[in-house]
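Please examine the sequence and the structure shown below.

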Amino acid sequence: KQNLSPDMASGLLHIWRIGMSLETWLLFASAALVVILIPGPLSLLMVSNSLNYGLRRSAPAFVGGVSASICLLSASALGLGALLLASEQLFSLLKLVGALYLFYLAWQSWQESRQAAKPVKTEEQPVNPGFRSMFWKAFGLGASNPKDILFFAAFLPQFISAERPMLGQLLVMIATWAVLDLACKLFYGLSAQGAARYLRSGKGQVWFNRISAALFGGAGAASLLSR
């Protein structure tokens, strides 16, 4: 039993060394952290969920967002990014689907702002969506942008070495991205708690939902207009 922990650590270190060198991993982790920290529609959704339902009850959304990133990263590694580059029609179709989903979220946020503007009784509590609803909402938003697949297709090869097994490198990248992505989403959720007292008030929640609707709608329009 005394040798179990060192053996496990040695085994994990061996797997890690097969996947990526320490220098390459540090470069990848640093670049990934910068990319993940840039706010986007998914970050806005994490903030909105944390304010409306609390950080703990928003866990399914955090898992859904990270799962979407893992799927997109894996899809890029499997060649879907090259397929999108080769097929303009497929890329346009996926972009349209993503834009429509953003418009749907904008409409939903606007409806929530109208609901927040109505006087409510003190004993009434906001209805917390189920696990599936929160998970798939975040997953759908994270996976609906084909540009993310193209980004991963251009981003990953910069850190892949032909001298090392491809599968090991991809596993290390996926694990690193997932941990950093989850940490950043939790950071946005925790940061929202600082302004929760005002944003959860009547006027604060109304304006937050209205701004969220505008940002979601703007992101959808930008997606349609971009080439």
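Lys185 and Asp181 lie four residues apart in helix α9 (residues 166–194), so about one helical turn separates them. In this predicted model, their side chains meet in a salt bridge, with a distance of 2.5 Å from N to O. Side chains of opposite charge can pair when their charged atoms come close. The structure holds one salt bridge, and both Lys185 and Asp181 are buried.

The largest nonpolar core has 18 residues, of which Phe28 and Trp177 touch the most other members. Two or more residues of this core come from each of α2 (22–37), α4 (59–77), α8 (146–155) and α9. The greatest contribution is that of α9, which gives six residues. Leaving aside residues up to four places away in sequence, Trp177 touches Phe28, Ala32, Val35, Ile36, Ser69, Leu73, Phe151, Phe152 and Phe155. Another core lies apart from this one; its 14 residues include Leu45, Leu102, Ala106 and Ala138. In soluble globular proteins, nonpolar side chains tend to be buried together.

A further feature is the packing of two helices. Helix α3 (residues 41–53) packs against helix α7 (residues 131–143) at an angle of about 160 degrees, and their axes are 9 Å apart. Because of this angle, α3 is roughly antiparallel to α7. The two helices, α3 and α7, cross in a right-handed manner. On the α3 side, the residues in contact are Pro41, Leu42, Leu45, Met46, Asn49 and Tyr53; they meet Met134, Lys137, Ala138, Leu141 and Gly142 of α7.

Key: Residues numbered from 1 in each chain as written. Predicted model: local features only at pLDDT ≥ 70, side-chain atom pairs only at ≥ 80, totals over all residues. Heavy atoms only, no water. Salt bridge = Lys/Arg side-chain N within 4 Å of Asp/Glu carboxyl O. Buried < 20%, exposed > 50% of the residue type's maximum accessible area, 1.4 Å probe, protein only. Core = buried A, V, L, I, M, F, W, Y, C linked by side-chain atoms within 4.5 Å. Contact = heavy atoms within 4.5 Å. Axes fitted to C-alpha atoms, helices over the stretch in contact; angles between N-to-C directions. Parallel < 35°, antiparallel > 145°, perpendicular 65-115°, else oblique. Left-handed = near helix turned anticlockwise from the far one by under 90°.
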